Amino acid sequence: MVTLDLKTLTVPVGIVRMLQLVFTCISFSLVASLGHSTHSYWTWCMFTWCFCFCLTFFILFLEFTSLNAKLPISWDDFTTAFAMLAALMVLAASVIYPTFFSCSTCGKSIGATVTSCLAFILYATEVGLTRAKPGEISGFLSTVPGLLKVLEAFVACIIFMCVDSFSYSRFPGLQWCVAVYSMCFIFALLVIIFTICRLLALFPAPFDTVLTCCNVLAVLMYMTAVVIWPLYSFHKNPRNCSQGFYCPWDNLVVVAVMTGFNLVAYIVDTVYSVKLVFITST
């Protein structure tokens, strides 16, 4: 039997989610009204707004009808992970769209950018509202290390989108970097999936210990990638793009920057994990 819960729409998180629906809907509606584009960046932005709108509506519907309690997953972990992912996706769309498709006299494009930025603020607010507070018992993905896992996986996705098979297939060093990105991404994704599906007990050792060891290994691997990628990518390879707003060489820069960013994220994640395992336990 379905039970309607009006309280889910009046609590702060519910109000924030309804505003997210409004602003993501306005964003993709304004952009769609300008016509269709086949460019991958335009497709990414439209997918982001539509995906976030649909999944936010799905979450609101399930909570309003109390059907979320019947799902065999950790609902709090799922909603927190989605809010973090949506915040990152909408932030990327809020930067990419005005960079490539807007101008000072494009009213609808500017409007879409503004509403997209507001949607990002709302998703970031939801992350802040649902994040586990000190001393509070909550799911792993509601904690700082859990949110960092979502961030690390998302940054890895950006790296994969910018990596060209031709650019790294020529050098074993670049192939190693891609292997680093892939292995760390797979582990982060497994942690997210296992947490949401309540399967952490399947890990062969205590989860905190496995997490700490893998984070330390990821830091060491990313430290090699942050040196090797620019060393091989930019050696005797100057930027040579005379026209057009898209230059394949720029993707190499994005990968280098995102590699450094993810290294910092893994270092912070490792510090939190070590503190959780060794300091808190003592």
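**Labels and their cut-offs**

Biologist: Why is Cys-25 called partly exposed?

Modeller: Its relative accessible area is 28%. Buried means under 20%, exposed means over 50%, and partly exposed is in between (1.4 Å probe, protein chains only). Cys-25 therefore counts as partly exposed.

Biologist: What should I know about the model itself?

Modeller: It is a predicted model: local features need pLDDT of at least 70, side-chain atom pairs count only at pLDDT 80 or more, and totals for chains, interfaces and linings use all residues. Residues are numbered from 1 along each chain as its sequence is written, and side-chain values use heavy atoms, with hydrogens and water left out.

Biologist: How do you know that Cys-103 and Cys-106 form a disulfide?

Modeller: The rule asks for a pair of cysteine sulfur atoms within 2.5 Å. The sulfur atoms of Cys-103 and Cys-106 are 1.9 Å apart. That pair passes, and the count by this rule is one disulfide.

Biologist: What makes the disulfide of Cys-103 and Cys-106 right-handed?

Modeller: The torsion about its S-S bond is about 90°, so the disulfide is right-handed. As for accessibility, Cys-103 is at 32% and counts as partly exposed. Cys-106 is at 23%, and partly exposed is its label too.

Biologist: Is Cys-162 buried or exposed?

Modeller: Buried, because its relative accessible area is 13%.

**Two helix pairs**

Biologist: Why are helix 2 and helix 5 called roughly antiparallel?

Modeller: First, the terms. Helices (H or I, at least four residues) and strands (E, at least two) are DSSP runs, numbered from the N terminus. Axes are lines fitted to C-alpha atoms, for helices over the stretch in contact, and angles run from 0 to 180 degrees between N-to-C directions. Under 35 degrees is roughly parallel, over 145 roughly antiparallel, 65 to 115 roughly perpendicular, and the rest oblique. The axes of helix 2 (residues 12–33) and helix 5 (residues 107–130) come within 8 Å and cross at roughly 155°. Helix 2 and helix 5 are therefore roughly antiparallel.

Biologist: What handedness does the crossing of helix 2 and helix 5 have?

Modeller: It is left-handed. In such a crossing the near helix is turned anticlockwise from the far one by less than a right angle; clockwise gives right-handed.

Biologist: Which classes of residue make the contact of helix 2 with helix 5?

Modeller: There are 14 nonpolar, nine polar and three charged residues. Nonpolar covers Ala, Val, Leu, Ile, Met, Phe, Trp, Tyr, Cys and Pro; charged covers Asp, Glu, Lys and Arg; the others, Gly among them, are polar.

Biologist: At what angle do helix 6 and helix 8 pack?

Modeller: Helix 6 (residues 144–162) packs with helix 8 at about 140°, their axes 9 Å apart. That angle makes helix 6 oblique to helix 8. The crossing of this pair is left-handed.

Biologist: Which residues of helix 6 and helix 8 make the contact?

Modeller: Among them are Val-150, Ala-153 and Ile-159 of helix 6, and Tyr-181, Phe-185 and Val-191 of helix 8. By class, the contact has 12 nonpolar, one polar and one charged residues.

**Single residues**

Biologist: Why is Phe-185 called buried?

Modeller: Its relative accessible area is 18%, so Phe-185 is buried. Phe-185 lies in helix 8 (residues 172–196). Leaving aside neighbours within four places in sequence, Phe-185 is in contact (heavy atoms within 4.5 Å) with Ala-153, Ala-156, Cys-157 and Phe-160.

Biologist: What makes Arg-198 exposed?

Modeller: Its relative accessible area is 57%, so the label is exposed. Arg-198 sits in the loop between helix 8 and helix 9 (207–233). Its phi is near 60°, a positive value in a residue other than glycine.

Biologist: Where does Ser-66 lie?

Modeller: Ser-66 is in the loop between helix 3 (40–64) and helix 4 (75–101). Phi of Ser-66 is near 65°, again positive in a residue other than glycine. At 23% relative accessibility, Ser-66 counts as partly exposed.
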